[in-house]
Amino acid sequence: MAALLLLLVVSAATFSIFFVVPRLLGNSPETLAVRYVGRTATPETIRQVADSLGFYDPVYVQYLNWLKGIFVGADFDTGAGIERCPAPCLGYSFIDKQPVLPELLERLPVTLSLAVGAALIWLVFGIATGVVSALRRGSLLDRSAMTISLAGVSLPIFFTGMVTLLLFSYQLEWTASGGSFTPFTENPAEWAYNLLLPWTTLAFLFSAQYARLTRAGMLETMGEDYIRTARAKGLTEKTVTVKHGLRGALTPILTIFGLDFGLLLGGAVLTEKTFSLPGLGHYAITAIPRNDLPAVMGVTLVAAVFVIVASLIVDLLYAVVDPRVRLN
């Protein structure tokens, strides 16, 4: 129930950003309608479009009509006829002359493939590096791993992406040069080959953060009383480290992972733009200079859904990871 309420709040905030704030800044209904018909349209055409889109209605009526379209669909007057946007209708792109949702669903597999592959890599390498660094605190391995992690956190993804493209794709020719995506169901090998470099580049950024977070959590957990009790009971060091130490340090990692993964599912904007992957983030960044507001709003709402669902799943997993947490 709380997740649904939060989603409603996010939808209202998203609508306000694109429709209420411009009105508060002095934009008229005609000014908003220009974004849908182009600046060369006649004043009469602009007024007709503003009226057909409901821009002369009160703001709360516009929001309720937009919300109604999500559940029952909506009809849009394109000038050449009435276009039906079936439910769930996240808007109609007057630039592409089609509903937004089918375009999002077409690009979702690209973003999903990128997010899942990169998440698996950064979780494995990030957590493993953090655990080893914590167990060998102050050693050369620890200092080297944390230095690399600091570099990974500091370097922006577009810089790292350009460097890896230049080195591994154009000079060594080990990986794909970007711009292509093959569905997993068609050719799994080519699917992995095309995404290998984006996965690695994106995972390098996140694994650095997770390595530092894991190291800090392990250092704190391994000093707890129950860790000393476990050792006193004669448990092996591997059991103490993995079952007791790492499990207790996973709670903050799980929290961050839920937010990061949810945001990535909403579109890894910089990564998709750098490697020219036709995902949700690339779709949004392309729609912005074209003033395609329905497309931007659709991506924003889908991203909010993923973040809320990921946060809900994380809350449920707390009881699995941390035995001190019990769900009522």
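Reader: Which residues form a disulfide?
Author: Cys-85 and Cys-89 do, with their sulfur atoms 2.2 Å apart; a disulfide here is a pair of cysteine sulfur atoms within 2.5 Å. The structure holds 1 disulfide. This is a predicted model, in which local features need pLDDT of at least 70 and side-chain atom pairs count only at pLDDT 80 or more, while totals for chains, interfaces and linings use all residues. Residues are numbered from 1 along each chain as its sequence is written, and side-chain values use heavy atoms, with hydrogens and water left out.

Reader: What is the handedness of the link between Cys-85 and Cys-89?
Author: The link is right-handed, with 110° about the S-S bond.

Reader: Is Cys-85 buried or exposed?
Author: Cys-85 counts as buried because its relative accessibility is 2%. Cys-89 is likewise buried, with a relative accessible area of 2%. Buried means under 20% relative accessible area, exposed over 50% and partly exposed in between, with a 1.4 Å probe and protein chains only.

Reader: Turning to the aromatics, how many pairs are there?
Author: The structure holds 12 aromatic pairs. Rings of Phe, Tyr and Trp (its six-membered ring) pair if their centres lie within 6.5 Å; planes under 30 degrees apart count as stacked, over 60 as edge-to-face and the rest as tilted. One of the pairs is Phe-15 with Phe-19, which is stacked at 4.8 Å centre to centre and 25° between the planes.

Reader: Why are Phe-15 and Phe-19 separated by about one helical turn?
Author: Because they are 4 residues apart in helix H1; helices (H or I, at least four residues) and strands (E, at least two) are DSSP runs, numbered from the N terminus. Phe-15 is buried at 3% relative accessible area, and Phe-19 is buried at 11%.

Reader: And what about Phe-15 and Trp-66?
Author: Those two form a tilted pair, 5.7 Å centre to centre with 35° between the planes. The pair links distant parts of the chain, since Phe-15 lies in helix H1 and Trp-66 in helix H4, 51 residues apart. Trp-66 is buried too, with a relative accessible area of 13%. Phe-15, Phe-19, Phe-55, Tyr-63 and Trp-66 form one aromatic cluster.

Reader: What is Phe-55 in contact with?
Author: Leaving aside neighbours within four places in sequence, its contacts (heavy atoms within 4.5 Å) include Phe-19, Arg-23, Leu-32, Tyr-36 and Gln-62.

Reader: How many residues does the largest nonpolar core have?
Author: That core has 36 residues, and Phe-19, Tyr-36, Phe-55, Phe-76, Leu-90 and Leu-104 are those with the most contacts inside it. A nonpolar core is a set of buried Ala, Val, Leu, Ile, Met, Phe, Trp, Tyr and Cys residues joined through side-chain atoms within 4.5 Å. Among the elements that each supply at least two residues of this core are helix H1 (2-24), strand E1 (74-77) and helix H13 (293-321). The largest share, 7 residues, comes from H13. Apart from this core lies another of 34 residues, among them Trp-191 and Leu-264.

Reader: Where does UniProt place the transmembrane regions?
Author: The unreviewed UniProt entry places them at residues 112-135, 147-171, 191-211, 248-270 and 295-321. UniProt positions are given in the numbering used here, feature names are shortened, and annotations may be inferred rather than shown by experiment. Residues 112-135 are 100% helix in the model, with end C-alpha atoms 34 Å apart. Residues 147-171 are 92% helix, with end C-alpha atoms 27 Å apart.
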